[in-house]
Amino acid sequence: MRTMADRIRYTLLYEILGLALVVPGGRLLLGITMFDMGMIGLGSTIVAVSWNCLFSWLFDHTMLRIKGTARKSLADRVIHAVLYQVGLIALLVPPIAFCLGRGLPAAFLANIGLTLFYLAYNFMFTWVYDVLFPPPAAMIEQT
């Protein structure tokens with residue numbers, strides 16, 4: 001299994017790079033003030049960090065249980081990215097709607113662009129991370 005230090009490194013790199021891309025992009029695309037977008041981004045990051053650690057841990061354990069390995073195929077990576085984003089939408093849309101004074105449907109629609117970005121970002125980031133920081137051999141090939 002990956003160590004806790006590795007999970008922390010993954011999460012911090014993921015969220016810092018994500019914020020660096022999303023806050024200015026969200027400001028430009030959604031017309032939200034930089035302060036409001038920054039606050040939404042920071043709050044979302046806190047939720048996403050917690051969800052990321054928990055979800056990735058659960059996903060790895062599930063892969064080991066079902067497949068006997070944590071090595072991800074292309075299909076596994078797509079499933080990981082989609083399920084992560086669905087969970088994050090469920091966690092974030094209500095507080096964002098409240099923050100912006102919009103209803104849930106409006107907040108959900110505004111979230112679609114960000115969700116599509118993060119879907120692709122999660123897929124690519126996880127893939128690159130696994131190449132740069134390969135899982136321990138015992139995790140890849142369980143005997």
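**View 1. Lys72 and Asp60 pair up through their side chains in a salt bridge, 3.6 Å from N to O.** A salt bridge here is a side-chain nitrogen of Lys or Arg within 4 Å of a carboxyl oxygen of Asp or Glu. Lys72 sits in the loop between α2 and α3, while Asp60 is in helix α2, twelve residues apart. Helices are DSSP runs (H or I, at least four residues), numbered from the N terminus. This is a predicted model: local features need pLDDT of at least 70, side-chain atom pairs count only at pLDDT 80 or more, and totals for chains, interfaces and linings use all residues. Residues are numbered from 1 along each chain as its sequence is written, and side-chain values use heavy atoms, with hydrogens and water left out.

**View 2. Asp60 also forms a salt bridge with Arg7, at 3.2 Å from N to O.** Asp60 is buried at 5% relative accessible area, and so is Arg7 at 9%; buried means under 20% relative accessible area (1.4 Å probe, protein chains only).

**View 3. Asp130 and Arg2 make a salt bridge, their closest N and O atoms 2.7 Å apart.** Asp130 belongs to helix α4 and Arg2 to the segment before α1, 128 residues apart. Both Asp130 and Arg2 are buried.

**View 4. Tyr84 touches residues beyond its sequence neighbours.** Leaving aside those within four places in sequence, its contacts (heavy atoms within 4.5 Å) include Tyr14, Trp51 and Phe55.

Conventions: Helices (H or I, at least four residues) and strands (E, at least two) are DSSP runs, numbered from the N terminus. Buried means under 20% relative accessible area, exposed over 50%, partly exposed in between (1.4 Å probe, protein chains only).
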